[in-house]
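Let's take a walk through a protein model together. Have the sequence and the 3D view ready, and look up each residue as it comes along.

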Amino acid sequence: KSKKKSHFEMTYTTIIKLDEEVKDKNIVQKIILCDVQKEVFPEIEKALLSLLHTSGYPDVKFLKKVDFEELYKKNFS
């Protein structure tokens, strides 16, 4: 029995403006890799699930939430 595979791709763009006073590379890095991601990910998740559900995959759901804070600390602490 062969498994069926599907490929879905979505492009989502976010534009941010950092305060000109923020010069520290580590602070900018955390803002972009953690803070912005926590803010936009719920919208990305909602859009992707909507795409999947309307494409004939109504039962698809994400079982685990992405913890951007934990990922950031793990990779940059």
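## Before we start

This is a predicted model, so a local feature needs pLDDT of at least 70 and side-chain atom pairs count only at pLDDT 80 or more, while totals for chains, interfaces and linings use all residues. Residues are numbered from 1 along each chain as its sequence is written, and side-chain values use heavy atoms, with hydrogens and water left out.

## Two helices side by side

Start with helix α1, residues 25-54, and helix α2, residues 68-76. Helices here are DSSP runs (H or I, at least four residues), and they are numbered from the N terminus. The two pack at an angle of about 155 degrees, and their axes are 9 Å apart. An axis is a line fitted to C-alpha atoms, for helices over the stretch in contact, and the angle, from 0 to 180 degrees, is taken between N-to-C directions.

Which way do α1 and α2 run relative to each other, roughly parallel or roughly antiparallel? They are roughly antiparallel. The cut-offs are these: under 35 degrees is roughly parallel, over 145 roughly antiparallel, 65 to 115 roughly perpendicular, and the rest oblique. The crossing of α1 past α2 is right-handed, meaning that the near helix is turned clockwise from the far one by less than a right angle.

## Where the helices meet

Now zoom in on the contact (heavy atoms within 4.5 Å). From α1 come Asn26, Gln29, Lys30, Leu33, Cys34, Gln37, Lys38 and Phe41, and they meet Phe68, Glu69, Tyr72 and Phe76 from α2. Sorted by type, the residues of this contact are 6 nonpolar, 3 polar and 3 charged. In that sorting, Ala, Val, Leu, Ile, Met, Phe, Trp, Tyr, Cys and Pro are nonpolar, Asp, Glu, Lys and Arg are charged, and the others, Gly among them, are polar.

Let's pick out two of these α1 residues. Gln29 is buried at 18% relative accessibility, and Lys30 is partly exposed at 26%. The words have limits: buried is under 20% relative accessible area, exposed is over 50%, and partly exposed is in between (1.4 Å probe, protein chains only). Not counting residues up to four places away in sequence, Gln29 touches Cys34, Tyr72 and Phe76. The C-alpha atoms of Lys30 and Lys46 are separated by 24 Å, with the two residues 16 places apart along the chain.

## Rings that pair up

How many aromatic pairs are there? The count is 3, using rings of Phe, Tyr and Trp (its six-membered ring) whose centres lie within 6.5 Å; planes under 30 degrees apart are stacked, over 60 edge-to-face, and the rest tilted. One of them joins Phe8 and Tyr57, edge-to-face, at 5.4 Å centre to centre with 90 degrees between the planes. Phe8 sits in the segment before α1 and Tyr57 in the loop between α1 and α2, so this pair ties together parts that are 49 residues apart in sequence. Phe8 is partly exposed at 34%, and Tyr57 is partly exposed at 33%.

Another pair is Phe41 with Phe68: the ring centres are 5.5 Å apart and the planes are at 65 degrees, so this one is edge-to-face. Phe41 belongs to α1 and Phe68 to α2, so the pair links parts 27 residues apart in sequence. Phe41 is partly exposed at 22% relative accessibility, whereas Phe68 is buried at 14%.

## A few more stops

Glu45 lies in helix α1. Is Glu45 buried or exposed? Glu45 is buried, with a relative accessible area of 11%. Leaving aside neighbours within four places in sequence, Glu45 is in contact with Phe62 and Lys65.

Ile32 is also found in α1 and is partly exposed at 35%. Apart from neighbours within four places in sequence, Ile32 is in contact with Ile16 and Gln37. Finally, find Leu18 in the segment before α1. Leu18 is partly exposed at 28%, and beyond neighbours within four places in sequence, Leu18 is in contact with Val28 and Ile31. From Leu18 to Ile44, 26 residues apart along the chain, the C-alpha separation is 21 Å.
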